Amino acid sequence: MANPKLGRIPSMRERVEDTLSAHRNELVSLLSRYVAQGKGILQPHTLIDELDNIIGDEQARHRLSDGPFSEVLKSAQEAIVLPPYVAIAVRPRPGVWEYVRVNIHELSVEQLDVSEYLSFKEALADGEDNKYFVLELDFEPFNASFPRPNRSSSIGNGVQFLNRHLSSNMFRNKDSLEPLLNFLRAYKYRGQALMLNDRIQSIPRLQAALAKAEDHLSKLPSDAPYSEFEYILQAMGFERGWGDTAARVLEMMHLLLDILQAPDPNTLETFLGRVPMVFNVVILSPHGYFGQANVLGLPDTGGQVVYILDQVRALENEMLLRIQRQGLDITPRILIVTRLIPDAKGTSCNQRLERVSGTEHTHILRVPFRSEKGILRKWISRFDVWPYLETFAEDVASEIAAELQGIPDFIIGNYSDGNLVASLLAYKMGVTQCTIAHALEKTKYPDSDIYWKKFDEKYHFSCQFTADIIAMNNADFIITSTYQEIAGTKNTVGQYESHTAFTLPGLYRVVHGIDVFDPKFNIVSPGADMSIYFPYSEKEKRLTALHGSIEELLFDPRQNDEHIGTLSDRSKPIIFSMARLDRVKNMTGLVECYAKNTKLRELANLVVVAGYIDVKKSKDREEMQEIEKMHDLMKEFELDGQFRWIAAQTNRARNGELYRYIADTKGIFVQPAFYEAFGLTVVEAMTCGLPTFATCHGGPAEIIEHGISGFHIDPYHPDQIAELLGDFFQRCKEDLSHWTKVSDAGLKRIYERYTWKIYSERLMTLAGVYSFWKYASKLERRETRRYLEMFYILKFRDLVKSVPLASDD
């Protein structure tokens with residue numbers, strides 16, 4: 001039997017050419033249908049749907065559908081039609097792109113590089129193909145020598161890959177151990193060495209000292225405190241950060257000995273994760289009303305605030321535990337830096353410093369926005385903050401230096417504005433920077449890059465997308481809650497992946513923006529605060545004292561600014577949803593979906609908690625439109641008796657009990673967003689035991705295993721959502737155990753994957769590994785940062801000038 005030959009996989013151009021040869025009529029018919037739709041962008045579903053409409057017999061159509069061109073279409077993310085040309089962006093797998101263009105008059109096919117494709121696409125906006133004198137942003141040359149995985153399944157596991165690379169280098173080349181030695185000697189806290197002192201100057205000296213220390217420590221009781229042998233170890237060259245007992249010091253030294261003799265990735269990660277290097281953390285979140293009470297539901301104030309407050313409580317606990325185990329007498333500090341808003345609307349957002357409840361060493365530090373007009377007193381939208389951020393960063397640098405009596409060890413940015421400020425501070429201070437996007441707006445608003453001019457007056461996306469590119473590339477590592485945030489799914493593009501290549505016609509063209517294979521990407525999923533969100537079945541912990549106020553929220557017949565609509569049949573289960581009232585969250589879409597389905601209205605009531613009820617109270621443009629739409633739906637579909645609309649609720653303890661109260665009715669939670677980066681409310685609802693139906697676009701698709709621990713819904717197909725919900729309630733009516741089965745499976749999923757304890761352990765380990773990587777690779781990173789600095793000064797500053805300063809009038 002002959003050995004099979006290994007052949008080269010044909011390129012996209014070759015597949016199209018092969019199809020032209022084999023199925024000329026059918027392919028010309030298909031491409032002609034695309035061109036007939038005129039100049040524009042065709043989405044994937046349109047490209048596939050037109051296959052059914054091509055001219056020719058059924059057999060020929062099937063041949064085309066089964067041939068190589070159908071693989072091109074199934075992988076296509078968009079097609080640009082500029083008659084007689086059709087250019088297709090093909091994504092054979094996450095993170096990998098190819099571009100082909102077909103001239104249907106000449107039946108010619110050409111492969112395009114990314115720059116050529118974007119240039120062709122720009123003609124949609126500008127009316128001509130821009131070939132010359134366009135500013136192109138290209139980070140690929142700076143990263144060419146950096147290690148990175150190439151399998152799509154490795155995306156988001158950056159630290160594991162980095163540890164493999166570092167340990168492999170150390171194993172092959174003993175000179176690669178020198179940066180580790182220098183790092184351990186250089187790392188100090190306020191001038192005090194924590195690991196090695198000047199007695200150890202070389203690797204052989206380190207190995208000899210470790211062997212000597214091992215011999216001494218092995219003779220001591222395992223629980224002997226560090227103070228008993230501190231001076232002996234110091235004389236050998238070791239400082240105080242190795243551990244609080246003989247056993248812990250010995251464990252750390254064994255890890256280092258293993259690395260010096262036979263490095264492996266797990267040992268390296270464990271060792272670097274335990275090296276004491278994070279004591280002062282700064283977390284940036286400028287926009288919205290950042291506070292601990294009476295803020296949730298206010299404009300631009302939702303899941304991100306909850307995320308950070310839960311994050312810092314878990315992070316402080318983990319830092320204290322590690323400092324104690326390291327044998328150090330250091331008080332950690334965490335500062336959440338946000339905007340001080342003088343007109344604080346009854347919140348604490350006008351206080352400079354506020355301790356976070358449930359912590360000892362974590363504070364919210366508020367710094368005002370200011371310009372030459374003075375301090376800005378009122379809230380402004382997250383889309384309008386750009387003119388204030390550079391001055392804000394300068395003021396923040398002074399404030400945190402005063403609070404910490406020095407610089408932080410670690411800076412975490414949140415969302416576009418926080419990540420830009422974090423980049424400016426980290427660059428200035430030489431500090432390890434972590435980026436958390438929460439949501440990248442480019443994926444929320446289709447074609448907001450190519451048609452940026454249409455969006456810019458309202459949203460200023462030219463500033464935001466530029467800030468995002470700067471922050472992504474400046475960050476030492478990036479945390480996402482899900483794989484989808486980075487690289488999407490087989491059929492959808494990830495949030496970060498959408499920044500790989502794009503164009504803002506007339507401004508600049510990004511040919512290599514961010515590489516989703518970069519080992520800076522790590523998936524670290526948050527959880528819910530389990531002191532607030534716990535299962536409905538834990539009766540002894542239930543906050544029954546709140547049931548009176550919850551029943552008033554749900555059933556009080558009075559119609560006011562707190563609640564409108566009534567539920568006439570209290571015996572029916574409740575469909576529940578809670579989110580900000582904006583277009584992307586799609587709360588009005590859920591109400592319309594429910595309103596149009598008679599069967600669903602008979603089976604269950606609908607309750608939504610969202611935004612303001614009185615449009616005059618809102619200052620947010622999108623929210624005002626959604627408020628008016630909600631009122632219109634209530635009137636049009638006569639929802640009174642089956643629907644309750646409750647204004648945004650800021651009492652988290654009551655919200656937790658509200659989830660459980662809904663569970664008592666054998667209700668469900670629905671998250672209908674067009675896109676959700678993660679889905680904290682999904683985790684909260686599941687943690688309380690509510691069967692959850694959540695959008696398939698974004699993070700919830702990873703949190704929920706469809707049909708097991710919950711259900712995926714597609715907000716673009718509301719009829720299917722209504723049918724799925726109706727079928728669920730009908731089945732629960734016939735089989736009472738079905739509700740419990742889904743509820744229990746949801747809880748099991750949460751405990752396995754989504755807790756803050758797991759999150760904080762991982763974050764501290766990442767901070768250690770990437771701090772070492774930053775130290776070891778500082779020469780290579782300098783070029784990127786200089787490039788970013790130039791781009792910031794020459795391009796971003798000019799863009800910011802187009803954003804008008806807000807007025808307090």
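Which residues of α22 are buried? They are M587, T588, G589, L590, V591, C593, Y594 and A595. Buried means under 20% relative accessible area, exposed means over 50%, and partly exposed lies in between, with a 1.4 Å probe and protein chains only. So α22 is mostly covered, with eight of its nine residues buried.

Before I go on, some ground rules. This is a predicted model, where local features need pLDDT of at least 70 and side-chain atom pairs count only at pLDDT 80 or more, while totals for chains, interfaces and linings use all residues. Residues are numbered from 1 along each chain as its sequence is written, and side-chain values use heavy atoms, with hydrogens and water left out. Helices (H or I, at least four residues) and strands (E, at least two) are DSSP runs, numbered from the N terminus.

Back to α22. What does this helix lie across? Helix α22, residues 587-595, lies across β22 (574-578), β23 (605-609), β24 (643-646) and β25 (668-671). It runs at about 170° to β23. Angles run from 0 to 180 degrees between N-to-C directions, and axes are lines fitted to C-alpha atoms, for helices over the stretch in contact.

Those strands belong to an open sheet of seven. The order is β21-β24-β23-β22-β25-β26-β27, and the pairing is mixed. Two strands pair if DSSP finds at least two bridges between them. As background, strands of a sheet pair through backbone hydrogen bonds, either parallel or antiparallel.

Now the edges. β21 (563-564) and β27 (711-713) each have a single partner strand, so one side of each is left without a neighbour in the sheet. The partner of β27 is β26, residues 692-695; the two run parallel and are joined by three bridges.

Helix α26, residues 680-687, lies across β22, β25 and β26. It runs at about 170° to β25.

N586 sits in the loop between β22 and α22. Is N586 buried or exposed? It is buried, with a relative accessible area of 7%. Leaving out residues up to four places away in sequence, N586 touches P672, A673, F674 and P715. Contact means heavy atoms within 4.5 Å.

On to another sheet. Eight strands form an open sheet, again with mixed pairing. The order is β11-β12-β10-β9-β15-β16-β17-β20. β11 (353-355) and β20 (521-523) stand at the edges with a single partner strand each, so one side of each has no neighbour in the sheet. The twist averages 25° from one strand to the next.

Within this sheet, take β10 (residues 333-340) and β12 (residues 362-368). They pair in the parallel sense over seven bridges. T338 has R366 in β12 as its bridge partner.

Which helix lies across β10 and β12? Helix α14, residues 303-325, does, and it also lies across β9 (280-284), β15 (410-414), β16 (432-436) and β17 (477-480). It runs at about 160° to β10.

α14 also meets a helix. Its axis and that of α30 (residues 756-776) come within 9 Å and cross at roughly 65°. Residues in the contact include Y307 and D310 of α14, and W756 and K757 of α30. By class, the contact has nine nonpolar, three polar and five charged residues. Ala, Val, Leu, Ile, Met, Phe, Trp, Tyr, Cys and Pro count as nonpolar, Asp, Glu, Lys and Arg as charged, and the others, Gly among them, as polar.

Next helix pair. The axes of α28 (residues 718-734) and α29 (residues 737-753) come within 6 Å and cross at roughly 120°. α28 and α29 are therefore oblique to each other. Angles under 35 degrees count as roughly parallel, over 145 as roughly antiparallel, 65 to 115 as roughly perpendicular, and the rest as oblique. F728, R731 and C732 in α28 meet H738, W739 and V742 in α29. Those residues divide into four nonpolar, one polar and one charged.

Last stop, a loop. E372 lies between β13 (370-371) and β14 (374-375). It is exposed, with a relative accessible area of 72%. The C-alpha atoms of E372 and L805 are separated by 10.0 Å, and these residues are 433 apart along the chain.
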